[in-house]
Amino acid sequence: IGQSRRIWSELYKVIDSSDVVIQVLDARDPLGTRSLLVEKYLTEKAPHKHLVFVLNKVDLVPVWVTQKWVTILSRERPTMAFHSSISNSFGKGALISLLRQFAVLHKDKKNISVGLIGYPNVGKSSIINTLRAKKVCNVAPIAGETKVWQYVALMNSIFLIDCPGVVPPSHETEEDMVLKGTVRVEYVSNPVDYIPFILERCKHSYLSTTYKVGLLFTAHYWSATDVYAVHYGS
């Protein structure tokens with residue numbers, strides 16, 4: 001509980017210190033990684049702050065999926081599609097351009113602060129590294145790599161703030177939390193238990209093509225688990 005309270009405290013410090021708040025969403029599950037609680041707080045307590053959605057990891061979904069989500073989310077807030085990569089990114093120029101526009105809006109200030117918030121493992125630190133074109137924040141494919149917030153200079157007029165990932169209180173199931181990547185791997189005692197939930201959400205033909213396994217699992221879920229076990233020798 002103490003750790004959770006500390007991270008929530010870090011989140012609100014970042015929001016209070018920011019002129020622009022970027023909520024980073026996972027392109028594979030935009031609604032599931034969206035915090036309506038934080039959005040409500042901004043609307044009610046800090047309506048003067050700019051909120052932007054960045055749809056990260058668009059390289060992991062089809063282009064048409066990204067386009068649809070950008071269209072839907074743009075009805076509420078400015079929304080950018082993004083692929084984090086120091087050498088081969090997507091959306092970097094557009095995001096920097098948008099942040100420069102915000103800096104112009106706040107020309108009465110010497111510089112503006114841009115806070116990046118979101119669920120664990122959505123790629124907040126990776127976005128900062130991409131914008132800086134070098135590693136300035138630690139990243140890892142596990143939840144909870146960022147422990148405290150940190151300032152990073154993007155340019156003289158724009159500072160970025162990296163924030164630890166937080167999971168808002170919700171009625172989500174354990175399976176939802178695991179599939180979102182918000183649970184550290186070492187805390188998942190039996191990963192194979194979650195394969196049926198993946199199969200419920202994904203077309204079997206896509207899994208067959210991606211992981212080079214047969215379509216034996218069309219009959220029932222657990223036959224798919226057997227296929228994966230045989231294929232990977234586990």
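In S4, glutamine 23 finds its bridge partner in isoleucine 117. That contact belongs to the pairing of strand S1 (residues 20-26) with S4, which runs in the parallel sense over four bridges; two strands pair if DSSP finds at least two bridges between them. Helices (H or I, at least four residues) and strands (E, at least two) are DSSP runs, numbered from the N terminus. The model is a predicted one, where local features need pLDDT of at least 70, side-chain atom pairs count only at pLDDT 80 or more, and totals for chains, interfaces and linings use all residues. Residues are numbered from 1 along each chain as its sequence is written, and side-chain values use heavy atoms, with hydrogens and water left out.

S4 also pairs with strand S6 (residues 158-162), again in the parallel sense, over five bridges, and here leucine 116 has aspartate 162 in S6 as its bridge partner. Six of the six residues of S4 (residues 112-117) are buried, so the strand is largely enclosed by the rest of the structure. Buried means under 20% relative accessible area, exposed over 50% and partly exposed in between (1.4 Å probe, protein chains only). Both faces of S4 are covered, with Ile112, Val114 and Leu116 buried on one side and Ser113, Gly115 and Ile117 buried on the other.

Zooming out, six strands make up an open sheet with mixed pairing, in the order S3-S2-S1-S4-S6-S5. Its edge strands, strand S3 (79-81) and S5, each pair on one side only. From one strand to the next, the twist averages 25 degrees; axes are lines fitted to C-alpha atoms, for helices over the stretch in contact, and angles run from 0 to 180 degrees between N-to-C directions. S5 and S6 pair in the antiparallel sense over five bridges, and tyrosine 151 stands opposite isoleucine 161 in S6. H2 packs on the sheet and touches S1, S2 and S4, its direction making about 160 degrees with that of S2. Contact means heavy atoms within 4.5 Å. Helix H3 (residues 63-73) packs on the sheet too, touching S1, S2 and S3, at about 170 degrees to the direction of S2.

Next, the nonpolar cores. A nonpolar core is a set of buried Ala, Val, Leu, Ile, Met, Phe, Trp, Tyr and Cys residues joined through side-chain atoms within 4.5 Å. The largest one has 26 residues, and Ile22, Leu95, Leu99 and Leu160 have the most contacts inside it. Two or more residues come from each of S1, strand S2 (50-56), helix H4 (92-105), S4, helix H5 (124-132), strand S5 (150-155) and S6. H4 gives the most to this core, with six residues. A second, separate core has 24 residues, including Trp8, Leu25, Ala27 and Cys163.

Back in S6, phenylalanine 159 is partly exposed, with a relative accessible area of 25%. Leaving aside neighbours within four places in sequence, phenylalanine 159 is in contact with several residues, among them Asn111, Val114, Tyr151 and Leu154. Phenylalanine 159 and asparagine 111 are 48 residues apart in sequence but 7.3 Å apart in space, C-alpha to C-alpha. As for tyrosine 151, a relative accessibility of 45% makes it partly exposed.
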